[in-house]
Amino acid sequence: MDSIAQLRKNYTFGQLSETEVSPNPLNLFQVWFDQAVKAECPEPNSMTLATADSAGNPSARIVLLKGADSAGFTFFTNYESQKGKELAARPHAALLFHWHELERQVRIKGVVERVSPAESDEYFHSRPAASRIGAWASPQSSEIPNREFLEEAEKRFAADFGDKPPRPEHWGGYRLQPTEIEFWQGRPSRLHDRIHYQLDGAQWRITRLAP
């Protein structure tokens, strides 16, 4: 374990200045996301989603971003999962993107709400049939007796629906509407660039944070 403390890297790939960034952080996010795709970062749309229960106990997991625009950041999941129940109790969350190859992170905080049933339907029916069956077969975050439980449920729903399963009512999308976004660019000597956007009314206030 002592060797873990000795793991370190000097960041040298880029820089970030508050005088050069877009007034709207969503524009900068799109630029960075496109660059992450071009750099072939593994699953550039993977993000950590952090939520908290009614007592304030946090939990985090990796989910996939499925949309980002002026309305916010969209992802899909089981409404009855742990994260779904926590978002029902506390509709606030944080997202974290880490693009290691570019020495970049983006941290996002905001308010979360469900997307419309029509939007959930549209995305659900764009998924492979096996993934749609999986949404029926898995009681996400619930205790199950064994792997066979899932496999039997998958067979049962596949037999019921064939390759045209409808969207279950317990599955759909969420959109995080950001109130804070921070862009982090690794720099040498741990003197990283951190540009922070804070929503102030209808405008974004831009500041630099110490690393």
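A charge is taken to sit over a ring if NZ of Lys or CZ of Arg is within 6 Å of the ring centre and within 35 degrees of the ring normal. R104 lies over the face of W32 in this way, at 4.2 Å from the ring centre. The model is predicted, with local features needing pLDDT of at least 70 and side-chain atom pairs counting only at pLDDT 80 or more, while totals for chains, interfaces and linings use all residues. Residues are numbered from 1 along each chain as its sequence is written, and side-chain values use heavy atoms, leaving out hydrogens and water.

**Charge over ring**
- R114 places its charged end over the ring of Y79, 3.6 Å from its centre.

**Aromatic pairs**
- There are 18 aromatic pairs in the structure; rings of Phe, Tyr and Trp (its six-membered ring) pair if their centres lie within 6.5 Å, and planes under 30 degrees apart count as stacked, over 60 as edge-to-face and the rest as tilted.
- F76 and W171 are stacked, at 5.6 Å centre to centre with 10° between the planes.
- F76 belongs to strand β4 (residues 72-78) and W171 to strand β7 (residues 171-185), so this pair ties together parts that are 95 residues apart in sequence; strands are DSSP runs (E, at least two residues), numbered from the N terminus.
- F76 and W171 are both buried, meaning under 20% relative accessible area (1.4 Å probe, protein chains only).
- Y197 and W204 pair edge-to-face, at 6.3 Å centre to centre and 80° between the planes; both residues are buried.

**Ring cluster**
- F29, F33, F73, F97 and W99 are linked into a cluster by ring pairs.

Terms used: Helices (H or I, at least four residues) and strands (E, at least two) are DSSP runs, numbered from the N terminus. Buried means under 20% relative accessible area, exposed over 50%, partly exposed in between (1.4 Å probe, protein chains only).
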